[in-house]
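Hi,

Here is the structure I promised to pass on. Have a look first, and then read on for what turned up.

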Amino acid sequence: MSPKIAPVLLLLISNVFMTFAWYGHLKFENRPLYLVILVSWLIALAEYCFAVPANRLGHEVYSAAELKTIQEVITLVVFAVFSVLYLGEKLTLNHLVGFGFICLGAFFVFKGPLR
């Protein structure tokens, strides 16, 4: 697999785990907090098993700032899908505009030095 694609796929997988770790428990409000913390921590451990190799491999072809930018854009996409499909929330125009500005920032990170 391409050294530019592998880190992106690993970050995608890690973000799915992390989104469930951070927000999946919102559908289980009647569960004790200690239990959801423990379950979230275990899910986050699985997330780290993908994120750490993604960053290690990715740093061979991307700068740290580029890796973080990739991760943030993936996080937005995964979260948007998760919040609509799993939590049943709606994305508003305000959300999309805000996400768009973050993606615009990502463009400038990858654009290179401005002159």
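By class, how many nonpolar, polar and charged residues does the lining of the second largest pocket have? There are eight nonpolar, three polar and one charged, where Ala, Val, Leu, Ile, Met, Phe, Trp, Tyr, Cys and Pro count as nonpolar, Asp, Glu, Lys and Arg as charged, and the others, Gly among them, as polar. H2 gives the largest share of that lining, five residues. Among the lining residues are Phe-20, His-25, Arg-31 and Tyr-86, and the volume is about 160 Å³.

Some ground rules: this is a predicted model, with local features needing pLDDT of at least 70 and side-chain atom pairs pLDDT 80 or more, while totals for chains, interfaces and linings use all residues. Residues are numbered from 1 along each chain as its sequence is written, and side-chain values use heavy atoms, leaving out hydrogens and water.

A pocket here is an open set of points on a 1 Å grid over the protein atoms alone, where a 1.4 Å probe fits, with protein on both sides within 12 Å along at least five of seven lines; lining residues have an atom within 4 Å of a point. Volume is the space filled by probe spheres set on the points, which are joined across faces, edges and corners.

The largest pocket comes to about 330 Å³. Its lining has 18 residues, with Asn-15, Met-18, Glu-47, Gln-71 and Thr-75 nearest the centre. H1 gives the largest share, seven residues.

Cheers

Conventions:
Helices (H or I, at least four residues) and strands (E, at least two) are DSSP runs, numbered from the N terminus.
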